[in-house]
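Subject: Structure handover

Hello,

Please find the structure below. My notes on it come after.

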Amino acid sequence: MKVPYRWLREWVPVPWEARELGDRLSMAGFEVEALEPAAPPFSGVVVAEILDAAPHPHADKLRVCRVATGQGGQGGQGGEGGAPLQIVCGASNARAGLKSALARVGAVLPGHAAIEATRIRGIESQGMLCSAKELGLADSSAGIIELPSDAPLGQTLRDYLELDDVVLDLNVTPNRGDALSVLGIAREVSTLSGVPLAGPRIEPVGARNTDLIGVHLDVPAACPKFAGRVIRGINNQAATPLWIRERLRRAGLRSISPVVDATNYVMLELGQPLHAYDIAKLRGDIRVRLAAAGEPVQLLDGRRVELTPDVLVIADAEGAVGVAGIMGGERTSVSSSTVDVFLEVAYFAPEAIAGRARRLGLATDASQRFERGVDPSGQERAMERATELIYAIGGGSPGAVSVARVDEYLPRRLPVRLRRSQIARVLGSAVPPERVEAIFGSLQMSVARTTEGWAVTPPAHRFDITIEADLVEEIARIEGYGAFPEADAAVAQRFAPLPEEAPRERTLLESFAARGWFEVINYAFVDPALQGQLFPDRESLPVSNPIASDLSVMRVSLWPGLVRSALENQRRQQDRIRLFEHGARFSVERGQLTEIDTLAGLALGPRLPEQWGSSTDGRVAVDFFDVKADVEALLAGTGDRNAFAFEAAELACLHPGRSARIVRNAGAVGAAGVRGAERGAVGWLGELHPRLVRELGFTSAPILFELDFASLTVELPS
């Protein structure tokens, strides 16, 4: 999330410069990934006014403009000695009376482009009228910058637009949905600094019409509160003020129209997503309900999706007009011709939104906030703020705010018990009671003393405070981790039994790494297509809420992750690859899930690293027996190497003539600690099947092994 420093200062007088603020926020749990300038460096660009614009005598698409900067003369003149400057401009919006950005002779634009006096088609040009793109303020632009009529002539554009601002790029943890806004970060800064919030006053906007649109909450558990307001007579073609457009740009959003800009601005400022419907396109009342199986909806981005019955939708009499909390529909979208809008500000339960956007292949600003939790008490405030902005930009006649709510389903923040003894136990030292209460008070939590400590009730916007440890964490991060001295834990020392015949895990892994293998850590969920290629006959457990379509099943082996890692390394010109991993795989047999501790590896490429002393072996590809030797060295670390044997066997993904099953104590079938098939099987070793080598795009055949890790650390009866 991007937070402009000057916008933040509007809500709380920050006592620190941006860099120190970033450091303090990082120590309070909000990682600052970057401090970015609000605009790239440029100089010599000032506010100017076009006095007149005449067609260029030798070019149809050019205009010859007389431009005043208010410097060096009277009466709005602006060139040397007070004379206007002559500028040749090709922008279609260059016109008399427009105030814009002028790069004077000697100015340096982004990319170190220096502005000089020049002749364009025979006409002298004493500078350049600039577009937002040319100044690095936009990715694209249709013409030169249009500044407000009250912009002061001659002021540098950097000062006028406050372009020397800094934008903090924050990584907000998933449990802190309340911090996904300028207000949320301002609350944190207020707590850290002790400076009270001072944000803009949000006053109710009086009703000027009596129009209402009915709202029906069919699923109150998913949507217990829905505020709506009719606003008629909006000029949605009006220009959004530059200060709003600039704040949106710095926060990573582009300006679209007055109504959309106002809703986006409020979402960034207060953390409450909003949506506007064109009333002319709505049919009947609004209904918040679950989708019918396969119900279609055309989204704002043009995609048509079919919904499942667990997806919440906003609907009118003709069907769904949007996916609740994620994205609105195209049928009722606001356009430049929209005159009347219905403004929606709702509270959706996080569990009703979580996972739906990802399933639909969407990741919107609204879903990001709703699935983490928004303030269930802030809808009216967001409505008034949005109405205020829309009215200021495009006029209109707002109606009364109507709120449909079912209070029994609104979240309640219950008191959380905090014991004084737990603070000292967890943090290592006690915190004075007065300081504890001051910290919670600054976080807008209500505190009541008890015999053991306190009963602390979090505010409506803090969904993450549910247990005692959460309160201790708040004390630690606000007080500062450096305030607590290091202390050894006072606990009884207990030594776990470690039989001589059972080697330590670290010893085994370090011995393998010493033979030139690199340890990797892969996701426990893998690509179902790749896993199906390797293990076509094995049942796998699907992930109910996958983070990506190619990470949607639990791994039945560590090989899919190793294969994918090897392919990525191969694509990056790594020709000699030795990877191993220690982790869990998940076996599903007869409906029963078993988690198996596993060690696996993959070798690919030359047998030896390239070196001056070897002319042939360094280029010979690794083979079955090279990896077998490394595995045998690992097995020797158990102190019982002779208990293991390699027996010829076939596995679908391995070369039928170059694979073996690894067994231990063949006579001890089903012994404790060993999982496997017949005769005490504990693993596999072999070359990848030639068909898979071709299909996956390997340059040479990888050699793979996999072992049940318990077989290396549990002594079996002979």
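Predicted model: local features only at pLDDT ≥ 70, side-chain atom pairs only at ≥ 80, totals over all residues.

Residues are numbered from 1 along each chain as its sequence is written, and side-chain values use heavy atoms, with hydrogens and water left out.

Whole chain

The protein chain has 19 helices and 35 strands. Helices (H or I, at least four residues) and strands (E, at least two) are DSSP runs, numbered from the N terminus. The C-alpha trace spans about 105 × 75 × 60 Å along its principal axes. There are 718 residues in the protein chain, and 49% of them count as buried. Buried means under 20% relative accessible area, exposed means over 50%, and partly exposed is in between (1.4 Å probe, protein chains only).

The chain exposes about 33,600 Å², with carbon and sulfur atoms supplying 50% of that area. Accessible areas come from the Shrake-Rupley method with a 1.4 Å probe; for residues, only the protein chains shown count as cover. Of the contacts between residues at least 6 apart in sequence, 69% join residues at least 24 apart. Contact means heavy atoms within 4.5 Å.

As for charge, the mean positions of the 76 positive and 91 negative charges are 2 Å apart. Lys and Arg count as positive and Asp and Glu as negative, while His and the chain ends are not counted. Each charge is placed at NZ of Lys, CZ of Arg, CG of Asp or CD of Glu.

Two helix pairs

Helix 2 (residues 18-27) packs against helix 4 (residues 182-193) at an angle of about 90 degrees, and their axes are 11 Å apart. Axes are lines fitted to C-alpha atoms, for helices over the stretch in contact, and angles run from 0 to 180 degrees between N-to-C directions. Helix 2 and helix 4 are therefore roughly perpendicular (65 to 115 degrees; under 35 counts as roughly parallel, over 145 as roughly antiparallel and the rest as oblique). Leu21, Arg24 and Leu25 of helix 2 make the contact with Ile185, Glu188, Val189 and Leu192 of helix 4.

In the second pair, the axes of helix 12 (residues 433-442) and helix 13 (residues 468-479) come within 10 Å and cross at roughly 95 degrees. That makes helix 12 roughly perpendicular to helix 13. On the helix 12 side, Arg435, Val436, Ile439 and Phe440 meet Leu471, Glu474, Ile475, Ile478 and Glu479 in helix 13.

Val14 sits in the loop between helix 1 (5-11) and helix 2. Val14 is buried, with a relative accessible area of 4%. Beyond residues up to four places away in sequence, Val14 touches Tyr5, Leu8, Arg9, Leu21 and Val189.

Ile478 belongs to helix 13 and is buried at 9% relative accessibility. Neighbours within four places in sequence aside, Ile478 is in contact with Glu188, Thr191, Leu192, Arg435, Ile439 and Leu443. Ile478 and Ser442 are 36 residues apart along the chain, and their C-alpha atoms are separated by 9.8 Å.

Leu35 lies in strand 2 (residues 31-37) and counts as partly exposed, at 28% relative accessibility. From C-alpha to C-alpha, Leu35 and Asp169 are 6.3 Å apart in space, against 134 residues apart in sequence. Residues up to four places away not counted, Leu35 touches Ala18, Arg19, Val166, Val167 and Leu168.

Regards
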